[in-house]
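Please find below a short note on the structure under review. It is arranged as numbered points for a reader who is new to such models.

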Amino acid sequence: MKFKRTIKDISLEEIENFMADKANLVAIRPKVDFPDDVSRLNNEQLIELVRKLDKWGYEDSIDKGNMAPVFNRAIFMMRLLGLNETAGILDFVASYALLINKFNPLIEEIKFKERLSKKNKDIASGPKNKLHDEIVTIMKLTWQKHQFASKNRMINKIIDRFGEARISRPTLERWIKLHGLGPVKIIRPAPDFSLVIPS
């Protein structure tokens, strides 16, 4: 079963490679064969023909935002003058520019989605509980002062202070592990202690 690709599945690199490939296909066209009447023109006549082509207005194409005829005429004039290498390069650049123009809305949408995705990942990667920083600071300060305080008593005291509705035992265990907190050494019976609350 084939699945249809969506914008989410397409990377900017794929679009850029596609555009470069298409532009290359256009630019590597074989040398243009001119009609017999053009092929018989001498250099002076070719230059005169190019000057006539140059005098045709570009306003209509520019006003409509259609640059393809402008590029095609310039490339054709270069080929008439025998500037095939330069015409080929201009053909590639023009094709690539036209493709970028065509794909620009898609490119911008993908860039926007990538920025949005990164922002959402950054937001999601941080602690979700608003008490995180405060509780971790209390646990750090308490274990600095009371090095042998047990983990279970620490969790119980934090829950007593903040309430089970605001902080859960599994969350506290995860934060203790994440921040490498805990007693220096486990001793029995565990000594009693008070939480160190920063002022």
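The points below pass from the overall fold to the individual salt bridges.

1. The model is predicted.

2. Of the 199 residues in the chain, 26% are buried. The accessible surface is about 14700 Å², and carbon and sulfur atoms account for 55% of that area. Among contacts between residues at least 6 apart in sequence, 71% join residues at least 24 apart.

3. Side chains of opposite charge can pair when their charged atoms come close. The structure holds three salt bridges.

4. Arg79 and Asp91 form a salt bridge at 3.8 Å, N to O. The pair links helix H5 (residues 68-80), which holds Arg79, with helix H6 (residues 84-125), which holds Asp91. Arg79 counts as buried because its relative accessibility is 8%, and Asp91 counts as buried at 2%.

5. Glu109 and Lys113 also meet in a salt bridge, at 3.3 Å, N to O. Both lie in helix H6, and because they are four residues apart, about one helical turn separates them. Glu109 is partly exposed at 32% relative accessibility, and Lys113 is partly exposed at 36%.

6. In the salt bridge of Lys157 with Asp192, the closest N and O atoms are 3.7 Å apart. Lys157 belongs to helix H8 (residues 151-162), whereas Asp192 lies in the segment after helix H9 (169-178), 35 residues apart. Lys157 is partly exposed at 23% relative accessibility, whereas Asp192 is exposed at 62%.

Conventions. Residues numbered from 1 in each chain as written. Predicted model: local features only at pLDDT ≥ 70, side-chain atom pairs only at ≥ 80, totals over all residues. Heavy atoms only, no water. Buried < 20%, exposed > 50% of the residue type's maximum accessible area, 1.4 Å probe, protein only. Contact = heavy atoms within 4.5 Å. Areas by Shrake-Rupley, 256 points an atom, 1.4 Å probe, with all protein chains shown as cover. Salt bridge = Lys/Arg side-chain N within 4 Å of Asp/Glu carboxyl O. Helix = DSSP H or I, 4+ residues; strand = E, 2+ residues; numbered from the N terminus.
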